[in-house]
Amino acid sequence: MHQGIPLTEEDRIPWLEILQDALRESLISGKTVVLSCSALQKQYREIFRSADCNYHHGSFNSAVKFVLLDAKAEVLAERLDKRAAEGKPFMPAKLLQSQLELLQIDDSEAICKVDATLNPQELVNAIKTLIFRPRKPIAL
């Protein structure tokens, strides 16, 4: 992507599976881990959810949680341009539209959304609140 070439499935899937293995190891050992990854499509997030040995495919009920850093395309393009000007490009801004077109968000996945224009500490606080908030007990 750094060279302006989008990843293919052949590039992406083995990499996601390596990350899945790392997540599985952390879950088994009881560690809390934060993984930053642009898992744009539901099928990619399913790979990560499957790191949870108790996960049932398609249920979206997993120990693995997702947070979408939500921002308008203009904000993202501006950030990509700024990084490029600073000599720290991740990917060219010309790839942004194709990445946004790949993004699949299904409300049934219950993905937490956080305003990506918040400052870094506010982002961390918002994410911690969403991910680690106490859950109401389920009456049986």
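Asp 70 stands opposite Asp 115 of strand β2, in a model that is predicted. Strand β1, residues 67–70, is joined to β2 by 4 bridges, and the two strands run parallel.

**Strands**

**Helices**

- Asp 11 has its place in helix α1, and with a relative accessibility of 41% this residue counts as partly exposed.
- Ser 26 lies in helix α1 as well, which covers residues 9–28, but Ser 26 is buried because its relative accessible area is 13%, and buried means under 20%.
- When neighbours within four places in sequence are left aside, Ser 26 is in contact with Lys 31 and Val 33.
- Helix α3 is formed by the 13 residues 73–85 and reaches 18 Å from its first C-alpha to its last, close to the 18 Å expected at 1.5 Å a residue; just after α3, Gly 87 takes a positive phi of about 80°.
- Helix α5, residues 120–132, likewise has 13 residues and a reach of 18 Å between its first and last C-alpha, close to the expected 18 Å.
- The N-terminal end of α5 is capped by Asn 119, of which a side-chain oxygen lies 3.0 Å from the backbone nitrogen of Gln 121.

**Nonpolar core**

- The largest nonpolar core has 12 residues, among them Leu 16, Leu 19, Leu 23, Tyr 44, Phe 48, Val 64, Leu 68 and Ile 111, and helices α1 and α2 (42–49) each supply at least two residues of this core.
- Nonpolar side chains tend to be buried together in soluble globular proteins.
- Leu 19, a member of this core, touches Leu 35, Cys 37 and Phe 48, not counting residues up to four places away in sequence.

**Surroundings of Tyr 55**

- Tyr 55 has its place in the loop between α2 and β1, and this residue is buried, with a relative accessible area of 10%.
- Apart from residues up to four places away in sequence, Tyr 55 touches Glu 46, Arg 49, Ser 50, Phe 60, Asn 61 and Ser 62.
- Two of these partners are reached at polar distances: the side chains of Tyr 55 and Glu 46 are joined by a polar contact of 2.6 Å, and the side chain of Tyr 55 reaches the backbone nitrogen of Phe 60 at 3.3 Å.
- Leu 35, by comparison, is 20 residues from Tyr 55 in sequence, and the two C-alpha atoms are 18 Å apart.

**Cysteines**

- A search of the whole structure finds 0 disulfides, and Cys 37 is accordingly in none, its nearest cysteine sulfur being that of Cys 112 at 17 Å.
- For Cys 112, the closest cysteine sulfur is that of Cys 37, and because the distance is 17 Å, it is too far for a bond.
- Cys 37 is partly exposed, with a relative accessible area of 26%, whereas Cys 112 counts as buried at 13% relative accessibility.

Key
Residues are numbered from 1 along each chain as its sequence is written. This is a predicted model: local features need pLDDT of at least 70, side-chain atom pairs count only at pLDDT 80 or more; totals for chains, interfaces and linings use all residues. Side-chain values use heavy atoms; hydrogens and water are left out. The expected span of a helix is 1.5 Å times one less than its number of residues. A polar contact is a pair of N or O atoms within 3.5 Å; within protein, one must be able to donate a hydrogen and the other to accept it, and residues adjacent in sequence count only if both atoms are side-chain atoms. Two strands pair if DSSP finds at least two bridges between them. Buried means under 20% relative accessible area, exposed over 50%, partly exposed in between (1.4 Å probe, protein chains only). Contact means heavy atoms within 4.5 Å. A nonpolar core is a set of buried Ala, Val, Leu, Ile, Met, Phe, Trp, Tyr and Cys residues joined through side-chain atoms within 4.5 Å. A disulfide is a pair of cysteine sulfur atoms within 2.5 Å.
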